[in-house]
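This report describes selected local features of one structural model. The sequence and structure are shown first, and the description follows.

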Amino acid sequence: CLPGGPVLPVPVTSPTGDEVVLDTVEVEGATFRVATHVFHEGGLLQVAGAETDITDVLSALRWRLVLLGFVVGLAAGLIGWLVAGRLVRPVVHLRDTAQRIAASQDLTTPVTVEGSGEIRDLAVSFTTMVDALASSRAEQQRLVTDAGHEIRTPLTSLTTNLELLERF
């Protein structure tokens with residue numbers, strides 16, 4: 001329908017209803033992609049584009065999509081790494097505190113309770129466990145001191161009695 005434009009051939013299979021038929025045709029030495037649709041009653045509407053133009057556009061689009069996919073994947077990975085690092089920070093703090101307590105045997109080392117939800121509950125449980133361990137250790141120390149005192153008194157008495165026996 002354009003003056004001086006190529007005349008497109010009628011497709012071998014005519015579309016029916018709302019169907020669109022796609023064909024690749026060669027006209028005057030050039031290859032075209034043609035879409036044919038039923039237009040009004042019995043008429044056909046054809047739209048064509050040079051195959052080289054379509055291939056060029058699709059090729060450029062392909063590379064842009066690959067580049068976009070790479071950039072989006074990289075950004076998603078970076079954001080995921082940052083978010084995971086932020087979410088795990090309280091657990092790392094708790095781990096470091098546990099390692100300090102284990103290395104120094106100092107049960108008075110403060111356990112910072114940070115985070116929320118399960119992380120906070122874990123830190124509170126750890127604090128409770130360290131407090132219970134410190135209490136148990138203090139009780140054991142008292143028991144050892146009391147037992148030492150209780151053993152020294154009879155030993156002193158026995159030693160005194162033995163010395164008296166030696167004199168007689």
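Leaving aside neighbours within four places in sequence, Thr109 is in contact with Thr97, Arg100, Ile101 and Ser104, where contact means heavy atoms within 4.5 Å. The model is a predicted one, in which local features need pLDDT of at least 70 and side-chain atom pairs count only at pLDDT 80 or more, while totals for chains, interfaces and linings use all residues. Residues are numbered from 1 along each chain as its sequence is written, and side-chain values use heavy atoms, with hydrogens and water left out.

Thr109 is found in the loop between α1 and α2; helices (H or I, at least four residues) and strands (E, at least two) are DSSP runs numbered from the N terminus. A polar atom of the Thr109 side chain lies 3.0 Å from the backbone oxygen of Asp106. The loop between α1 and α2 also holds Gln105.

**Helix packing**

Helix α1 (residues 51–104) packs with helix α2 (residues 118–167) at an angle of about 15°, and their axes are 10 Å apart. Axes are lines fitted to C-alpha atoms, for helices over the stretch in contact, with angles running from 0 to 180 degrees between N-to-C directions. α1 is therefore roughly parallel to α2, a term for angles under 35 degrees. The contact is made by Pro90, Val91, Leu94, Ala98 and Ile101 of α1 together with Ile119, Leu122, Ala123, Phe126 and Val130 of α2. These residues divide into 10 nonpolar, no polar and no charged; Ala, Val, Leu, Ile, Met, Phe, Trp, Tyr, Cys and Pro count as nonpolar, Asp, Glu, Lys and Arg as charged, and the others, Gly among them, as polar.

**Accessibility and backbone**

Buried means under 20% relative accessible area, exposed over 50%, and partly exposed in between (1.4 Å probe, protein chains only).

| Residue | Relative accessible area | Class |
|---|---|---|
| Thr109 | 16% | buried |
| Ala48 | 38% | partly exposed |
| Gln105 | 45% | partly exposed |
| Glu28 | 73% | exposed |

Most residues other than glycine have a negative phi. Glu28, in the loop between β1 (20–27) and β2 (30–39), has a positive phi near 55°. Gln105, which is not a glycine, has a positive phi of about 60°.

Ala48 lies in strand β3 (residues 43–50). Leaving aside neighbours within four places in sequence, Ala48 is in contact with Leu8, Phe32, Arg33 and Val34. The C-alpha atoms of Ala48 and Leu22 are separated by 9.6 Å, the two residues being 26 residues apart along the chain.

Technical notes
Parallel < 35°, antiparallel > 145°, perpendicular 65-115°, else oblique. Polar contact = N/O pair within 3.5 Å; in protein donor to acceptor, adjacent residues only side chain to side chain.
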